[in-house]
Amino acid sequence: MNKAANVKITNELKNPAMPGMHYRFLCMTGPNKGRVYYLIGKRVIIGRGENADIQIVDVKISREHAELSFSDNGYTITDLGAENGIIVNDTKVKQKKLADAEKVVIGQTVFKYNIIEVTNNEMALYDEEHGVALSRDIKSSKAKIQLKANNNGVDSNSNKRSNSPRKKGNSKVLVMAGVVGIVLYVLMGSSEPVKTTKKINVNAVSDFNEVDSVPKKFSQDDSDSKKKLENYIHSGRREFGEGNYFRAMEDFRLALLLSPNNGHASFYLAKAKQRLDEDIEKNFLKGKQEYESKKLQASIVSYCGVVQLIQNYPNDERYKNAMLKISAIESELGLEKGEIKCFEEKAADSKN
(Lines give C-alpha, C1' and ligand atoms only; values in the text may rest on other atoms or scores of the structure.)
Protein backbone atom coordinates (compact mmCIF):
# COMPACT_ATOMS: atom_id res chain seq x y z
CA MET A 1 0.00 0.00 0.00
CA ASN A 2 1.36 3.37 -1.02
CA LYS A 3 0.60 5.61 1.97
CA ALA A 4 1.93 8.74 0.26
CA ALA A 5 -0.68 8.35 -2.49
CA ASN A 6 -3.53 8.38 0.04
CA VAL A 7 -2.39 10.73 2.80
CA LYS A 8 -0.05 13.72 3.10
CA ILE A 9 1.37 13.89 6.64
CA THR A 10 2.74 17.09 8.17
CA ASN A 11 3.12 18.88 11.49
CA GLU A 12 2.28 22.23 9.86
CA LEU A 13 -1.22 23.36 10.89
CA LYS A 14 -1.51 26.29 8.48
CA ASN A 15 -3.98 25.89 5.66
CA PRO A 16 -2.66 24.64 2.28
CA ALA A 17 -1.37 27.21 -0.20
CA MET A 18 -2.71 25.50 -3.34
CA PRO A 19 -6.21 26.52 -4.47
CA GLY A 20 -8.92 23.86 -4.25
CA MET A 21 -10.72 21.68 -1.71
CA HIS A 22 -8.63 20.09 1.03
CA TYR A 23 -9.71 17.50 3.60
CA ARG A 24 -7.81 17.51 6.89
CA PHE A 25 -7.75 14.94 9.70
CA LEU A 26 -6.06 16.47 12.76
CA CYS A 27 -4.85 14.26 15.64
CA MET A 28 -5.66 16.04 18.90
CA THR A 29 -4.63 13.55 21.61
CA GLY A 30 -2.11 10.80 22.26
CA PRO A 31 1.45 10.31 20.93
CA ASN A 32 0.50 11.68 17.48
CA LYS A 33 -1.03 14.87 18.91
CA GLY A 34 -0.59 17.79 16.49
CA ARG A 35 0.03 15.55 13.49
CA VAL A 36 -1.93 16.69 10.41
CA TYR A 37 -3.18 14.20 7.82
CA TYR A 38 -4.40 15.62 4.49
CA LEU A 39 -6.65 13.04 2.87
CA ILE A 40 -5.84 12.48 -0.80
CA GLY A 41 -6.84 8.93 -1.73
CA LYS A 42 -10.29 7.54 -2.45
CA ARG A 43 -9.86 5.03 0.39
CA VAL A 44 -7.85 5.77 3.55
CA ILE A 45 -7.37 3.14 6.27
CA ILE A 46 -6.93 4.13 9.95
CA GLY A 47 -5.41 1.63 12.37
CA ARG A 48 -2.36 0.61 14.35
CA GLY A 49 -1.11 -1.86 11.74
CA GLU A 50 1.93 -1.07 9.61
CA ASN A 51 -0.15 -1.08 6.41
CA ALA A 52 -2.59 1.58 7.69
CA ASP A 53 -2.50 4.93 5.85
CA ILE A 54 -2.99 6.70 9.18
CA GLN A 55 -1.09 4.61 11.71
CA ILE A 56 -1.86 5.36 15.37
CA VAL A 57 -0.08 3.70 18.29
CA ASP A 58 -3.13 3.07 20.48
CA VAL A 59 -3.88 -0.32 22.06
CA LYS A 60 -7.63 0.35 21.77
CA ILE A 61 -7.35 0.72 18.00
CA SER A 62 -7.51 -2.36 15.77
CA ARG A 63 -4.94 -3.05 13.04
CA GLU A 64 -7.51 -1.90 10.48
CA HIS A 65 -10.01 0.03 12.57
CA ALA A 66 -11.81 2.44 10.23
CA GLU A 67 -12.01 3.50 6.61
CA LEU A 68 -12.38 6.99 5.16
CA SER A 69 -13.89 6.80 1.66
CA PHE A 70 -14.28 9.77 -0.68
CA SER A 71 -17.61 10.47 -2.44
CA ASP A 72 -19.90 13.46 -3.09
CA ASN A 73 -17.18 16.02 -2.28
CA GLY A 74 -16.43 14.64 1.15
CA TYR A 75 -15.31 11.66 3.22
CA THR A 76 -17.47 9.01 4.88
CA ILE A 77 -16.07 7.12 7.87
CA THR A 78 -16.91 3.43 8.26
CA ASP A 79 -16.30 1.05 11.18
CA LEU A 80 -14.38 -1.97 9.86
CA GLY A 81 -15.69 -4.22 12.63
CA ALA A 82 -13.34 -2.92 15.32
CA GLU A 83 -14.00 -4.03 18.88
CA ASN A 84 -14.12 -0.49 20.27
CA GLY A 85 -15.96 1.12 17.35
CA ILE A 86 -16.07 4.79 16.30
CA ILE A 87 -17.57 7.82 18.05
CA VAL A 88 -18.50 10.98 16.12
CA ASN A 89 -19.55 13.94 18.27
CA ASP A 90 -20.28 11.73 21.31
CA THR A 91 -22.39 9.26 19.28
CA LYS A 92 -21.24 5.77 18.37
CA VAL A 93 -21.64 5.15 14.64
CA LYS A 94 -21.10 2.38 12.12
CA GLN A 95 -20.93 4.73 9.16
CA LYS A 96 -21.31 8.49 8.75
CA LYS A 97 -20.65 11.20 6.18
CA LEU A 98 -18.38 13.63 8.03
CA ALA A 99 -19.16 17.34 8.20
CA ASP A 100 -16.67 20.14 8.74
CA ALA A 101 -15.28 20.50 12.31
CA GLU A 102 -16.70 17.19 13.58
CA LYS A 103 -14.79 15.32 16.28
CA VAL A 104 -14.00 11.65 15.72
CA VAL A 105 -12.92 9.34 18.55
CA ILE A 106 -11.13 6.14 17.52
CA GLY A 107 -9.95 4.03 20.43
CA GLN A 108 -8.52 6.53 22.89
CA THR A 109 -7.47 9.00 20.18
CA VAL A 110 -9.46 12.12 19.23
CA PHE A 111 -9.36 13.56 15.72
CA LYS A 112 -10.90 16.65 14.16
CA TYR A 113 -12.10 16.61 10.54
CA ASN A 114 -11.99 19.82 8.49
CA ILE A 115 -13.03 20.74 4.95
CA ILE A 116 -10.86 23.63 3.74
CA GLU A 117 -11.47 25.55 0.53
CA VAL A 118 -8.64 27.71 -0.79
CA THR A 119 -9.57 30.04 -3.64
CA ASN A 120 -7.41 31.95 -6.11
CA ASN A 121 -8.53 35.20 -4.50
CA GLU A 122 -6.87 34.14 -1.24
CA MET A 123 -3.44 33.74 -2.87
CA ALA A 124 -0.96 36.56 -2.20
CA LEU A 125 0.18 38.59 -5.17
CA TYR A 126 3.81 39.55 -5.63
CA ASP A 127 5.58 42.44 -7.32
CA GLU A 128 8.78 40.87 -8.73
CA GLU A 129 10.32 44.26 -9.58
CA HIS A 130 10.21 45.70 -6.06
CA GLY A 131 9.97 42.49 -3.99
CA VAL A 132 6.79 43.40 -2.10
CA ALA A 133 3.37 41.84 -1.68
CA LEU A 134 0.56 43.78 -3.31
CA SER A 135 -3.20 43.62 -3.14
CA ARG A 136 -4.98 42.62 -6.34
CA ASP A 137 -6.33 46.16 -6.91
CA ILE A 138 -2.94 47.86 -6.43
CA LYS A 139 -1.17 45.48 -8.79
CA SER A 140 -3.87 46.07 -11.40
CA SER A 141 -3.34 49.82 -11.15
CA LYS A 142 0.41 49.38 -11.49
CA ALA A 143 -0.07 47.29 -14.63
CA LYS A 144 -2.15 50.07 -16.20
CA ILE A 145 0.54 52.66 -15.44
CA GLN A 146 3.23 50.43 -16.94
CA LEU A 147 1.11 50.07 -20.08
CA LYS A 148 1.05 53.86 -20.45
CA ALA A 149 4.81 53.98 -20.00
CA ASN A 150 5.27 51.41 -22.76
CA ASN A 151 3.20 53.65 -25.06
CA ASN A 152 5.91 56.37 -24.73
CA GLY A 153 3.86 58.30 -22.21
CA VAL A 154 1.09 59.16 -24.73
CA ASP A 155 -2.32 59.55 -23.10
CA SER A 156 -5.02 59.39 -25.80
CA ASN A 157 -7.28 61.71 -23.78
CA SER A 158 -4.90 64.50 -22.76
CA ASN A 159 -1.62 64.45 -24.70
CA LYS A 160 -2.75 64.75 -28.33
CA ARG A 161 -1.45 68.33 -28.67
CA SER A 162 2.17 67.61 -27.88
CA ASN A 163 4.66 65.68 -30.00
CA SER A 164 7.88 67.22 -28.67
CA PRO A 165 10.56 64.87 -27.25
CA ARG A 166 10.86 67.01 -24.14
CA LYS A 167 7.21 66.58 -23.18
CA LYS A 168 7.38 62.85 -23.88
CA GLY A 169 10.31 62.64 -21.51
CA ASN A 170 8.36 64.52 -18.87
CA SER A 171 5.48 62.04 -19.25
CA LYS A 172 7.84 59.15 -18.62
CA VAL A 173 9.12 60.82 -15.47
CA LEU A 174 5.59 61.38 -14.21
CA VAL A 175 4.64 57.76 -14.90
CA MET A 176 7.71 56.42 -13.08
CA ALA A 177 7.01 58.77 -10.16
CA GLY A 178 3.49 57.33 -10.00
CA VAL A 179 4.84 53.78 -9.87
CA VAL A 180 7.27 54.64 -7.08
CA GLY A 181 4.50 56.48 -5.21
CA ILE A 182 2.24 53.41 -5.27
CA VAL A 183 5.01 51.14 -3.99
CA LEU A 184 5.86 53.60 -1.21
CA TYR A 185 2.17 53.78 -0.31
CA VAL A 186 2.02 50.01 0.03
CA LEU A 187 5.19 49.89 2.13
CA MET A 188 4.29 52.80 4.41
CA GLY A 189 0.59 51.96 4.71
CA SER A 190 1.29 48.68 6.53
CA SER A 191 1.53 48.66 10.33
CA GLU A 192 4.62 46.45 9.96
CA PRO A 193 7.39 46.24 7.35
CA VAL A 194 6.54 43.72 4.66
CA LYS A 195 8.94 40.83 5.27
CA THR A 196 7.49 38.06 3.17
CA THR A 197 4.95 37.16 0.53
CA LYS A 198 3.33 34.63 2.86
CA LYS A 199 -0.46 34.43 2.46
CA ILE A 200 -2.31 35.79 5.48
CA ASN A 201 -4.98 33.29 6.49
CA VAL A 202 -6.90 33.72 9.73
CA ASN A 203 -8.25 30.18 9.47
CA ALA A 204 -4.76 28.87 10.26
CA VAL A 205 -4.09 28.35 13.96
CA SER A 206 -0.65 29.95 13.89
CA ASP A 207 -2.10 33.14 12.42
CA PHE A 208 -4.51 33.59 15.32
CA ASN A 209 -1.90 35.47 17.33
CA GLU A 210 -1.16 37.80 14.41
CA VAL A 211 -4.52 39.56 14.43
CA ASP A 212 -2.98 43.03 14.46
CA SER A 213 -1.38 42.43 11.04
CA VAL A 214 -4.52 41.03 9.38
CA PRO A 215 -6.11 43.37 6.78
CA LYS A 216 -9.63 44.68 7.38
CA LYS A 217 -11.17 42.36 4.78
CA PHE A 218 -10.35 39.41 7.11
CA SER A 219 -11.99 40.94 10.19
CA GLN A 220 -15.07 38.71 9.92
CA ASP A 221 -12.96 35.52 9.75
CA ASP A 222 -10.97 36.71 12.72
CA SER A 223 -14.20 37.31 14.62
CA ASP A 224 -15.32 33.75 13.83
CA SER A 225 -12.06 32.37 15.23
CA LYS A 226 -12.55 34.34 18.43
CA LYS A 227 -16.11 33.05 18.74
CA LYS A 228 -14.89 29.46 18.37
CA LEU A 229 -12.29 30.07 21.05
CA GLU A 230 -14.90 31.55 23.40
CA ASN A 231 -17.28 28.64 22.74
CA TYR A 232 -14.61 26.06 23.55
CA ILE A 233 -13.74 27.81 26.80
CA HIS A 234 -17.42 28.24 27.73
CA SER A 235 -18.16 24.57 26.97
CA GLY A 236 -15.08 23.45 28.90
CA ARG A 237 -16.05 25.48 31.95
CA ARG A 238 -19.57 24.04 31.83
CA GLU A 239 -18.23 20.48 31.66
CA PHE A 240 -15.81 21.34 34.45
CA GLY A 241 -18.68 22.60 36.62
CA GLU A 242 -20.63 19.39 35.99
CA GLY A 243 -17.65 17.23 36.95
CA ASN A 244 -17.05 15.92 33.40
CA TYR A 245 -13.34 16.58 33.64
CA PHE A 246 -12.21 14.58 30.61
CA ARG A 247 -14.66 16.42 28.34
CA ALA A 248 -13.59 19.70 29.88
CA MET A 249 -9.93 18.88 29.21
CA GLU A 250 -10.76 18.10 25.58
CA ASP A 251 -12.51 21.46 25.10
CA PHE A 252 -9.60 23.36 26.66
CA ARG A 253 -7.14 21.52 24.40
CA LEU A 254 -9.21 22.60 21.39
CA ALA A 255 -9.09 26.18 22.67
CA LEU A 256 -5.30 25.97 22.97
CA LEU A 257 -5.06 24.77 19.37
CA LEU A 258 -6.70 28.04 18.33
CA SER A 259 -4.74 30.18 20.78
CA PRO A 260 -1.68 28.34 22.17
CA ASN A 261 -0.88 31.08 24.70
CA ASN A 262 -4.43 31.52 26.01
CA GLY A 263 -4.18 31.89 29.80
CA HIS A 264 -7.79 30.87 30.58
CA ALA A 265 -7.59 27.63 28.60
CA SER A 266 -4.20 26.71 30.10
CA PHE A 267 -5.42 27.43 33.64
CA TYR A 268 -8.65 25.45 33.34
CA LEU A 269 -6.93 22.54 31.57
CA ALA A 270 -4.52 22.18 34.49
CA LYS A 271 -7.39 22.67 36.97
CA ALA A 272 -9.53 19.99 35.32
CA LYS A 273 -6.68 17.49 35.42
CA GLN A 274 -6.04 18.32 39.07
CA ARG A 275 -9.71 17.87 40.01
CA LEU A 276 -9.87 14.56 38.13
CA ASP A 277 -6.81 13.23 39.95
CA GLU A 278 -8.23 14.40 43.30
CA ASP A 279 -11.61 12.70 42.71
CA ILE A 280 -9.95 9.44 41.69
CA GLU A 281 -7.74 9.51 44.78
CA LYS A 282 -10.75 10.21 47.05
CA ASN A 283 -12.70 7.29 45.57
CA PHE A 284 -9.76 4.92 46.07
CA LEU A 285 -9.32 6.04 49.68
CA LYS A 286 -13.04 5.76 50.42
CA GLY A 287 -13.27 2.34 48.74
CA LYS A 288 -10.36 1.04 50.82
CA GLN A 289 -11.85 2.30 54.09
CA GLU A 290 -15.25 0.80 53.26
CA TYR A 291 -13.68 -2.53 52.32
CA GLU A 292 -11.73 -2.68 55.59
CA SER A 293 -14.97 -1.93 57.46
CA LYS A 294 -16.64 -4.86 55.63
CA LYS A 295 -18.97 -2.47 53.81
CA LEU A 296 -18.44 -4.34 50.55
CA GLN A 297 -21.39 -2.89 48.62
CA ALA A 298 -20.33 0.68 49.47
CA SER A 299 -16.77 -0.19 48.49
CA ILE A 300 -17.99 -1.38 45.08
CA VAL A 301 -19.72 1.97 44.53
CA SER A 302 -16.50 3.86 45.30
CA TYR A 303 -14.36 1.75 42.99
CA CYS A 304 -17.00 2.00 40.25
CA GLY A 305 -16.73 5.77 40.70
CA VAL A 306 -13.11 5.53 39.57
CA VAL A 307 -14.09 3.43 36.55
CA GLN A 308 -16.79 5.90 35.54
CA LEU A 309 -14.46 8.88 35.83
CA ILE A 310 -11.95 7.37 33.38
CA GLN A 311 -14.23 5.04 31.43
CA ASN A 312 -12.74 6.06 28.08
CA TYR A 313 -9.22 5.22 29.24
CA PRO A 314 -9.27 1.53 30.29
CA ASN A 315 -5.48 1.31 29.91
CA ASP A 316 -4.99 3.82 32.69
CA GLU A 317 -3.35 2.05 35.64
CA ARG A 318 -5.95 3.52 38.01
CA TYR A 319 -8.76 2.05 35.88
CA LYS A 320 -7.09 -1.37 35.94
CA ASN A 321 -6.50 -1.15 39.70
CA ALA A 322 -10.16 -0.29 40.37
CA MET A 323 -11.32 -3.22 38.22
CA LEU A 324 -9.00 -5.57 40.16
CA LYS A 325 -10.52 -4.33 43.42
CA ILE A 326 -14.03 -4.96 42.10
CA SER A 327 -13.05 -8.43 40.88
CA ALA A 328 -11.67 -9.27 44.35
CA ILE A 329 -14.94 -8.18 45.99
CA GLU A 330 -16.91 -10.29 43.47
CA SER A 331 -14.90 -13.32 44.51
CA GLU A 332 -15.40 -12.55 48.19
CA LEU A 333 -19.17 -12.24 47.70
CA GLY A 334 -19.29 -15.49 45.74
CA LEU A 335 -20.29 -13.71 42.51
CA GLU A 336 -19.21 -14.64 39.01
CA LYS A 337 -16.46 -12.59 37.40
CA GLY A 338 -17.92 -9.59 35.58
CA GLU A 339 -21.27 -9.82 37.38
CA ILE A 340 -20.81 -6.41 38.97
CA LYS A 341 -21.59 -3.69 36.41
CA CYS A 342 -20.43 -0.13 36.91
CA PHE A 343 -22.73 1.13 34.14
CA GLU A 344 -26.49 0.71 33.79
CA GLU A 345 -27.22 -1.00 30.48
CA LYS A 346 -30.84 0.19 30.55
CA ALA A 347 -29.73 3.81 30.54
CA ALA A 348 -27.69 3.15 27.41
CA ASP A 349 -30.66 1.48 25.68
CA SER A 350 -33.00 4.36 26.48
CA LYS A 351 -30.90 6.74 24.37
CA ASN A 352 -31.53 4.71 21.22
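A crossing of two helices is left-handed if the near helix is turned anticlockwise from the far one by less than a right angle, and right-handed if clockwise. The crossing of helix 6 and helix 7 is left-handed. This model is predicted: local features need pLDDT of at least 70, side-chain atom pairs count only at pLDDT 80 or more, and totals for chains, interfaces and linings use all residues. Residues are numbered from 1 along each chain as its sequence is written, and side-chain values use heavy atoms, without hydrogens and water.

**Helix packing**

**Aromatic pairs**
- There are 9 aromatic pairs in the structure (ring centres of Phe, Tyr or the six-membered ring of Trp within 6.5 Å; planes under 30 degrees apart are stacked, over 60 edge-to-face, the rest tilted).
- Tyr23 and Phe70 pair edge-to-face, 5.4 Å centre to centre with 70° between the planes.
- Tyr23 lies in strand 2 and Phe70 in strand 6, 47 residues apart.
- Tyr23 is buried at 8% relative accessible area, while Phe70 is partly exposed at 25% (buried is under 20%, exposed over 50%, partly exposed in between; 1.4 Å probe, protein chains only).

Definitions and conventions:
Helices (H or I, at least four residues) and strands (E, at least two) are DSSP runs, numbered from the N terminus.
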